[in-house]
Structure formats: C-alpha cells, structure tokens
Amino acid sequence: MLAKQGTAYYVPHGSHWPIVGSVGLFSLMIGASSWLNEAAFGKYLFLVGVAILVTMMAGWFGNVIAESESGAYNLQVDKSFRMGMSWFIFSEVMFFAAFFGALFYVRNLSVPWLGGAGNNFFTNLLNWETFQAAWPTNGPANVGGDYETMSPWGLPAINTLILLTSGATITVAHHAIKEGNRRLLNIFLFLTFALGFLFVGLQGYEYYHAYNDLNLTMASGVYGSTFFMITGFHGMHVTVGAIMLTVIWFRTMKGHFLPEHHFGFEAVAWYWHFVDVVWLLLFIFVYWL
Amino acid sequence: MSQVDTHSHTDHHDDHHDHGPAKGLKRWLFTTNHKDIGTMYLIFSLVMFMTGGAMAMVIRAELFQPGLQLVEPGFFNQMTTMHALIMVFGAVMPATVGLANWMIPIMIGAPDMALPRMNNWSFWILPFAFTMLLSTLIMPGGGPAGGWTMYPPLIQQTGVALPFLIFAIHMMGVSSIMGAINIVVTIMNMRAPGMTLLKMPLFVWTWLITAYLLVAVMPVLAGGVTMLLTDQYFGTTFFNAAGGGDPVMFQHIFWFFGHPEVYIMILPAFGIISEIIPTFSRKPLFGYESMVYATASIAFLSFIVWAHHMFTVGMPIAGQLFFMFSTMMIAVPTGVKVFNWISTMWRGAMTFETPMLFSLAFVFLFTIGGFSGLMLAIAPADFQYHDTYFVVAHFHYVLVPGAVFAIMAGVYYWLPKWTGNMYDETLGKVHFWMSTIFVNVLFFPQHFLGLAGMPRRIPDYATQFADFNMISSIGGFGFGLSQLLFIYVVIKCAKGGVKATDKVWDEPRGLEWTLSSPPPYHSFSVAPEIK
C-alpha cells in the first residue's frame, strides 16, 4: 500500500476546509457570545457553527486519511505530524497550567492573605473579620451557600483506576498494532474508549451528585470555581480523546494502519496519556490534598 | 505576481504540487502556498496597522488640547483599548508571521511550510477574529474600554461586548498557536541537508524561539480570559475576594502571558535587523553564536519577570526584589545584541539604503526604549512612574521605532525579492526620515509628561501638560501621514519599477538571494546543498 511512497515532501493542493473551518469557528464564537447575551438566535448560530466545524473536521481528516492510505506521506511528513502533535499537546499542558496555577495561587496566597497572613492583617480585620483561612473554602462571603466537598475515595478513586487501566489497554493495543495482531488491537482499542466513555459518564454522575446532594456548584466560591473548571476542562478533553479513539477504532476495523506506519493511532495515544497525566495531578491536588 | 506562472512548470516532482497559483479569489481562499499566505498576512497586518493607527489619531486629536473636545470619555477609552489590541494582535504579530511565512522556507531551503493546510487556516481565522473584535464598537454600550490588559473588576463592566472580546481573543490564540507550531516544525524538520542549526540565518533562529514562546503562553492567556468569562456569566469567583479569589491573580496570569508576548513582538524584529545590518555593512554578523544564546536567554528570562508590570499591587517585598533583579538581568543579553550589531558595522563598508536606515534607527531608538525599561524595572522608582505617560513612552519606543521599524526595514529589504522590482529609493528615504523625525516628536515628550505625573488612558489632563501634549499630537499626525507614503511606495513597487537582480543587494548572505526575483511559486522542491 505504501510501496510508491514519494521521496518529495508532500505539499497539498489548495484546500477549502480551512476557510470552511473559519466560517464555522466564526459562527460558533458569535453564537456563543450572543447566547451569553441572551439573544434568541445565539444558541442556534452556535449549533450551526458546531455543525460546520464537525463537517470541516470530518472532511479535512478524511482528506488526510485518504492521502496517508494512498502512500503520499513519506517519513519526513510523518515527522512533521509527530512534531506538530507534540507541540499541540505542549500547548494543552500550558492551558491546564493556567488553571492549576490559579488553584495554587488561591490555596497558597490569596486565601491565606484574606485570613490576614503576611502583611495583610488589616485586610482581614477591616474587611473579613470573622474569616479563618482554610482550604477548601467558598470565601469570606460564603458565596453559593454551605456546601460539602467531594471525597476523593469514592467515585474519583474509581475514575482514577478506570483511566489508569485505559492507559494500560491502549499500550496493549499499541503493541498489538506493531506486531500486526489486528484482533487484539481491535479489542483493546475498543476497551480503551469504552473505559474513556465510562469515565465521562461517571464524571457526569459526580456532577449531578455535587449539584443536587452537596450544593457544590461552579458558584461555590473559589473551591467550586477551581473544582469545576479543572475537572470540567479535563472531562471535555477526555470526551474529545474518547471520540478520537473511536474514530481510530473504526479505522483499525477497516484495516487502516501498518505495523511500522500508524501515526494517527500514536497521536491519539499520546493525547490519551496526556489526559491521563492531567487526571493524576488533578486527583492529587483538586480532590485529595 | 505576473511572473509567477512562468516559473511554476519547472519544479513539480510529483502529482501533488503541480501548476502555479489558482485563478482569482480561490487562489487566496484555498491556498497552501507559503508565499501567498505570507502576502496575505502582510496585507492584513498593513490594514490593521492603518485601522489601529486611525484610532491613535483619534486619541492624539482628543489630547491635542486639555479639556474634552472631540469624543466622549467612554469612547476615548474604547479607542485606547482597541488601539492596543489591534496593534498587538492585528498589526505587529501578523506582520512578523507574514515575514516568517515568506522567508523561513526560503531561508532554510524547504519546499514550503511543514503543514501547509494548517498554515492557511492560521491566517484565515484572523480576518474573522478581527471582524468580531471590531464589531463591538457598534454594539450597545460600545467596545471594551478597560484597557487591553482587561483587568477585573473594571473589564467586567464591559457589557454586551465582553464575550465577543474574549472569544475574539480565543480565535487569535488558536491562530497564533497553529502558526507557531507550523513554524517550529518547519524549522526543525524541513531544513535542507547541511543546514545545521548553527548555520541558520538569525531571523530563523529568532522565530524558532518566538514560536516556542507563543506555544507556551497563548494558552495561558486563553485560560485567563476564560476565567474572566466564567466569573461574569457562570458565577465563578476566581477574581473576586468575596469568594476567596483575587483580582490581582488575573494580573499574574495575564502578565505571565503578557511579558513573553512583548518578546514575541521584538525577537523576530531582532532577527530582521541581524539580517540587514551585515548586508549593508558588507561584513558577516559579529558574534553569531552569542546572538543565538542571547536570544534564548531573553526568552528564558521573559518567563520569570512578569510581575514587574504590577509592582504597585502590594506584592511581598521578596517578590518585588526578585522581579526587579530578574528584569534587570534581561539588559545583559539585550546588551550583547546591541553591541554585536554595532561591532558588525565597525570598519564595514557601509551604505545607507532605506532598510539600513530603518535598522540604524532601530538600534538607536530601541535602545532608548530599553533604557527607559531599565528605569521602570527599579521597583521603588516604578512606584512613581507606574501608569503614567512614561510607561506609554517606554513601550511605544520599543514597539514603534523598535518592532514596527524592524518590520518596515524587513519589508524594504525583501520587497524587491518578493515583487521582482526595486522600490523607489528616494521615496523610501523620505518615508524613513519623516517617520523617524515624527516618531520622536510623538513619543519623546511623553517621557517628560510621565515624569511630571500625567496618567495614561485618560482623555483630559491638567493644563500644565498642554505644551508637550500638543507637540506629541503634532508628531502623531505627522507619523500617521508618513505611513500613507509607505503604502504608496509598496503599491508602486508591486506594480512595477526597475527590475531587481536575483541578489538585489551587494553580495547579501542567505539562500533567498539564490532564487530569482520574484522567486518561483514553488521554490526548493529539490533541496539546495548547504556547504
């Protein structure tokens, strides 16, 4: 299949997908902004934008898959993809770093300062006299009302096991693809995204529990803010990762990839390990400590 | 552009990149060609430069005299905010990305950028993002007016425009990250055989490091503005002390992005200057390797100095000292660069064509901006200068006769290569002298205004500041008008003129000068040999 792999670097034809993507992104962003401003059309424009972006991704990735399967990509192109994916994951690391940075800042600096630490004696005395700095907190004004925190040793611990197991199953799948064992590959890739969706489902249940039983919401002061923003963005990334794994699974079922040429699989596997590592940090610093 | 077709048939090696450019609008919408995309970036940047410039004219017109005469204070604040956002994200950054797109593949002997379709998307997000940002000006309540730094709680009074501002920034971030990834991958993976890292032109080096900064900090900005959005619309309290958050935390997040951002704007400028000065001094760049290490040092330091933008927020004294000394340390690698440029000129057979004139003005005037930066780095002194016109003068010196002059130098330097025609040297020199004189009339008096206590971002002022403001405004109008001449020179050159040779200048270094002027639509389909 890849026998006629070219020696020249593959420079694609003009493509209409990027401009379609821009139009999609534009409607999504305008729609979301209008939705937040309570304009009636906002939600619909947002959904139109999502639909255009999904179409764009299907079409664009479809082109890339077809080109890859036709052997258009030589090793140098493969290397470009690898580097591109690594740097993309690095940018994602920095995105999460902003939220973890916010978590560490409030826990170690701003909450103690509100309690009078350092040279902030008068901040506490004059503004928030009864406030005792502690973590978790919803702030001196008890924003969002009384709430209970999420215990790490229930669902979160189970979710940790699920994600770690999925990290192991995708590694088995990777060895299988390299050894040409397609049956094992298909089974373990299926297990991986099944575990991924199970994780997302349990996170959804945990959110339901938090909102309905614990009165723990996004508006529960800075504990609720950091809790839901970090777990929420992580959950979005797991969802995206699980969808990507599903797409790769459909490709392996169709017989795509070779033992020595399967960048699409590896890229998604890297991404999956990335969301796994973020979860471990999250479990330690958001749920546990 | 008319010659492009004649070259294209010579260099297709497989079925995929045949032909020259497509015809009409499709060429520009669908293109995957680094030269087309570079051209679009540069034109877009020029349009944004004039848009942001028009806003600067409104600001200087209002400040021409004390009192309120032309615009409402609210609109004035929208102008200062939008002027900054447009100049940073719309003018300077796309201009350097445009130069990177045009020059990097040629300078390293690559057939194109590594990820050509993504390259197209990086550009085509921008016009939509800026349409969204500019549209806020006609919304109820007007555009964002809390300054481009978007500090809460002030920015949360924005109203309808806030989500549009934030999502426009998200789009610009997506564009920048994709563009930066493309540049890193191109440089790391697409170099011609023999082009080792330490043989790369300095423009390529500075862009490699800039791209790393972009990938590292644009997501942090995205995270920060997302927290602003959820604080406003979803009840989170990241920046609200009542809920345990801290408005100052936004400033930390913002400047963790914002300080590397200023190097994102200036490092490519350093690269351009490092290309031009050797050519017109007819000597190789002095201290090439030390230039590379200095650039990397500046990039590293840029991550640990951010809080010098916020000395007055009430940081612990240890924090103030750390950020003061780390900031001052940046003067060392920057000094290495300035001395290297000067040493390059030492005993060179110098000539003074327009690109060289802009480069010389850059070295001199950027250094003035660097020195005022050192003054601002001194924490106790900064308490006096903070949020005054001294700060405005400082960062305009590093950005206008700094980054913008370097971009213009680069445009004059490579324009004959791009178009195949020489620009009008006389008009170029007139443009240079008008720009240089007026930019100093515009910004130098602002140092005095700031030291005397005039606050920034304010539409009216005490009468004691009247004289210097009037002088500054005259400089501003002059500088603005001078740029119309720049547009004329560029258009005239694109349309025709004396044919440029392949080398254009007298024995310049670099692969770009081995190609025809203009270069073929697809260059280096077969990698050149680097000795």
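**Figure 1. Helix α1 of chain A in the predicted model.** Helix α1 of chain A runs over residues 17-36, 20 residues in total. From its first C-alpha to its last, the helix reaches 28 Å, close to the 28 Å expected at 1.5 Å a residue. The helix is mostly covered, with 16 of its 20 residues buried. An α-helix has 3.6 residues a turn, so residues three or four places apart point the same way. Following α1(A) is E38(A), whose phi is positive.

**Figure 2. E38(A) in the loop between α1 and α2 of chain A.** Phi of E38(A) is near 60 degrees, and the residue is not a glycine. Most residues other than glycine have a negative phi. E38(A) has a relative accessible area of 72%, over the 50% cut-off, and therefore counts as exposed.

**Figure 3. D387(B), a residue of chain B with positive phi.** D387(B) is found in the loop between α13 (379-385) and α14 (389-419) of chain B. Its phi is near 60 degrees, again in a residue other than glycine. The relative accessibility of D387(B) is 37%, so D387(B) counts as partly exposed.

**Figure 4. The cis peptide bond between W135(A) and P136(A).** Omega of this bond is about 0 degrees. P136(A) lies in the loop between α4 (121-127) and α5 (155-179) of chain A. Most peptide bonds are trans.

**Figure 5. The cis peptide bond from P152(B) to P153(B).** Here omega is near 0 degrees. P153(B) belongs to the loop that lies between α5 (116-135) and α6 (161-189) of chain B.

**Figure 6. T80(B) and its contacts.** T80(B) is placed in helix α4 of chain B, residues 73-107. Its relative accessibility is 15%, under the 20% cut-off, so T80(B) counts as buried. Leaving aside residues up to four places away in sequence, T80(B) touches I59(B) and R457(B).

**Figure 7. Chain B as the setting for the views of D387(B), P153(B) and T80(B).** Chain B contains 16 helices and 0 strands. Its C-alpha trace spans about 65 × 50 × 45 Å along the principal axes. Buried residues make up 65% of the chain. Of the contacts between residues at least 6 apart in sequence, 82% join residues at least 24 apart.

Terms used: Residues numbered from 1 in each chain as written. Chains lettered and ligands numbered in written order. Predicted model: local features only at pLDDT ≥ 70, side-chain atom pairs only at ≥ 80, totals over all residues. Heavy atoms only, no water. Helix = DSSP H or I, 4+ residues; strand = E, 2+ residues; numbered from the N terminus. Expected span 1.5 Å × (residues − 1). Buried < 20%, exposed > 50% of the residue type's maximum accessible area, 1.4 Å probe, protein only. Contact = heavy atoms within 4.5 Å.
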